[in-house]
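Hello,

Here is the structure we spoke about. Please open it first, then read the notes below.

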Amino acid sequence: MADRAILVVGGAGYIGTHMVKALLAAGHRVVILDNLSTGHRNLVVGGEFICGDLSDPIVLNQLFSRYAIDAVMHFAAFSLVGESVRNPLAYYRNNLAGTLSLLEAMVRHKVLRFIFSSTAAVYGEPTTVPITEDQPCAPTNPYGATKMAVERLLQDCEVAYGLKFMSLRYFNAAGADPAGLMGERHQPESHLIPLVLKTALGELPHIQIFGTAYPTPDGTCVRDYVHVCDLARAHLLALNALLDGGASTVYNLGNSKGHSVREVIELSRNITGRAIPAVETGNRAGDPAVLVAASDKIRRALGWHPEYESLETIIRTAWHWHSREHDATGG
């Protein structure tokens, strides 16, 4: 279902830039709203770009008045767990209050289709693995709590205003555009795969392994890595479902396969041909031993399946991106 006007909030960020590319390839008209606090204008490959904040009602009213938006995709959250613990007010202001401002503008302008970038952090400590969508949500940090609050807000908006939404709970987004046009460029970087590859490039002296005595096969944490392009395809499927009149719902997005920290490091050594020094240190508070998604629901309902499923493929696309970034900046 092409040629719809889609607003991508946070479209200059890591996942947002990949989403913009996927939407344009699918034939949609794309409007991007991003304040560039963490996004990068030069990674946006097309569409109509507006530099502005989702909390600014004047910007939002002008945007919705100018463009006949059919649906909104929201990627503009702060997403660092540790930072959310140190500064919860910033996270509630941006992630919850900012989303509230966006939804108010949508309701005023009768734009009632919304796709929300949520997170596995809403589950907190899992009761069973793999994690299904019907598990209790008990977030253990402000980041997860703000995402959970928005999900509840969306349910209430559906009852009150007829808003239809899909909330996509990611596990570990990873990888990069295979063509090398975009990838992770976080400051500071907190994700494992980029940190490992930056160590391979000599930008970091070593990679830290936080905890080696977890109840896992090699003692390190196990996580579910899903390629960013597979996330973008899931959003396209969710968009089509909403535009076809589909019901509001929640989906997990993961590969349903777990890989340990040691596995990521060793495979990265093989791919890069670099030594990648590692330093073992103590556990981080609040790190569950295993986080793996059950993604059966979205596979059955929307026919989604990962195209970049293997960890090797995910790391290779990331290595291609980070190598180019390193060469372009002179290291």
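How many aromatic pairs does the structure hold? There are 2. Keep in mind that this is a predicted model.

Aromatic pairs

Take F78 and Y91 to begin with. Their ring centres are 5.5 Å apart and the planes meet at 65°, so this pair is edge-to-face. Planes over 60 degrees apart count as edge-to-face. F78 sits in the loop between β4 (71–74) and α3 (81–86), while Y91 belongs to helix α4 (residues 88–108). The pair therefore ties together parts that are 13 residues apart in sequence. F78 is partly exposed, at 27% relative accessibility. Y91 is buried, at 1%.

Now F114 and F116. Here the ring centres lie 6.3 Å apart, with the planes at 15°, so the pair is stacked. F114 is buried, with a relative accessible area of 0%. F116 is buried as well, at 2%.

A buried serine

S268 is part of helix α8 (residues 261–272). Is S268 buried or exposed? S268 counts as buried, because its relative accessibility is 0% and the cut-off for buried is under 20%. Beyond its neighbours within four places in sequence, S268 contacts V196, L197, G273, I276 and I315.

A surface patch

L24, V45 and L181 make a nonpolar surface patch of about 220 Å². L24 comes from helix α1 (residues 14–25). L24 is partly exposed, with 31% relative accessible area. Patch residues need over 30%.

Best wishes

Notes
Residues numbered from 1 in each chain as written. Predicted model: local features only at pLDDT ≥ 70, side-chain atom pairs only at ≥ 80, totals over all residues. Heavy atoms only, no water. Patch = residues over 30% accessible without salt bridge, like charges linked within 9 Å, V, L, I, M, F, W, Y side chains within 5 Å. Areas by Shrake-Rupley, 256 points an atom, 1.4 Å probe, with all protein chains shown as cover. Salt bridge = Lys/Arg side-chain N within 4 Å of Asp/Glu carboxyl O. Helix = DSSP H or I, 4+ residues; strand = E, 2+ residues; numbered from the N terminus. Buried < 20%, exposed > 50% of the residue type's maximum accessible area, 1.4 Å probe, protein only. Contact = heavy atoms within 4.5 Å. Phe/Tyr/Trp six-rings, centres within 6.5 Å; stacked < 30°, edge-to-face > 60°.
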